[in-house]
Amino acid sequence: PTIAIIVAALKPDLAIGFQGKMPWRLRKEIRYFKDVTTKTSDPSKINAVVMGRKTWDSIPARFRPLPDRINIVLSRSFQNETVDTNVIHANSIANSLSQLQPNVERVFVIGGAEIYNELINDSRVTHLLLTEIENTNEDNQIAVDTFLKFPLYSTDSQWRKQPKSELQKFIGSSITLEDDISEGDLKYNYTLWTRR
Ligand SMILES: NC(=O)C1=CN([C@@H]2O[C@H](COP(=O)(O)OP(=O)(O)OC[C@H]3O[C@@H](n4cnc5c(N)ncnc54)[C@H](OP(=O)(O)O)[C@@H]3O)[C@@H](O)[C@H]2O)C=CC1
Ligand SMILES: CCc1nc(N)nc(N)c1C#CCc1cc(OC)cc(-c2ccc3c(c2)OCO3)c1
């Protein structure tokens, strides 16, 4: 299956977290995340979300496991086992991918920093769905302490930002892509990057 990283990050230094949580709550962004990671083009298939143990712990208990998706949680102290309906524990990416049933259409890596910064360099990851966030109010800095180490903006980067039409194709026409969404001081856009 296609393996994609999906992440929301604050430009320019690609901050993603603060004290183990998300530095922001963006209602429309959460809906985009849910729609993109849940939707399959084949109704008989299902998607999987892969996350680190700390991200699993940080999702409010009432929202986990993320519904209608196979939830794979990575920990070095897990055995590889299915622990609940749609919840798989694994101790490596490789093991988690080898255990996937044939009816999995896409695998989305949903965080956190340690997992992202390992997998951005894994050639099995072919797509990056990056929500690029900007702070429009320089007088109100956002507290952040966790960053992506993604080589996106360097000239020799192997990752290329695709046109919006390619993102629309990837997520399907049933998901509406708004430009320059504003929530509070934050303004953001959805982007697709692929390896050159
Ligand atoms: N902005 C965004 O889009 C998102 C932001 N976040 C943010 O990211 C932060 C959390 O990131 P982080 O603290 O790095 O934690 P992670 O969610 O990346 O989880 C880290 C844990 O995952 C396990 N792990 C990591 N690599 C491997 C591996 N190769 N094999 C097996 N297990 C592995 C380990 O578990 P163990 O210790 O049990 O061995 C490790 O401690 C939070 O601030 C969160 O809010 C999270 C998701 C999305
Ligand atoms: C939803 C934020 C998000 N956006 C993008 N673009 N990529 C991502 N990987 C994520 C994420 C994530 C994991 C996560 C972390 C979290 O707290 C740290 C909460 C959620 C979450 C997941 C589903 C929810 C919800 C919150 O509120 C309502 O439904 C989900």
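The answer below treats the ligand site and then the nonpolar core.

A: This is a predicted model, in which local features need pLDDT of at least 70 and side-chain atom pairs count only at pLDDT 80 or more, while totals for chains, interfaces and linings use all residues. Residues are numbered from 1 along each chain as its sequence is written, chains are lettered from A and ligands numbered from 1 in the order in which they are written, and side-chain values use heavy atoms, with hydrogens and water left out.

Ligand 2 is surrounded by 16 residues, each having a heavy atom within 4 Å of the ligand; Ile6, Glu29, Ser58, Ile110 and Tyr116 are the closest. Polar contacts are pairs of N or O atoms within 3.5 Å. A ligand nitrogen atom lies 3.0 Å from a polar backbone atom of Ile110, and a ligand nitrogen atom is 3.1 Å from a polar side-chain atom of Tyr116. At Ser58, a polar backbone atom is 3.4 Å from an oxygen atom of ligand 2. The protein buries 85% of the 620 Å² that ligand 2 exposes when taken alone (Shrake-Rupley method, 1.4 Å probe).

Tyr116 is also in contact with Ile5 (heavy atoms within 4.5 Å). Leaving aside neighbours within four places in sequence, the contacts of Ile5 also include Val109, Leu128 and Phe150. In the largest nonpolar core, of 32 residues, Ile5, Val7, Ile72, Leu128 and Phe150 touch the most other members. Such a core is a set of buried Ala, Val, Leu, Ile, Met, Phe, Trp, Tyr and Cys residues joined through side-chain atoms within 4.5 Å, buried meaning under 20% relative accessible area (1.4 Å probe, protein chains only). Another core, of 31 residues, lies apart from it and includes Trp24 and Ile171.

How values were computed: Buried means under 20% relative accessible area, exposed over 50%, partly exposed in between (1.4 Å probe, protein chains only). A polar contact is a pair of N or O atoms within 3.5 Å; within protein, one must be able to donate a hydrogen and the other to accept it, and residues adjacent in sequence count only if both atoms are side-chain atoms.
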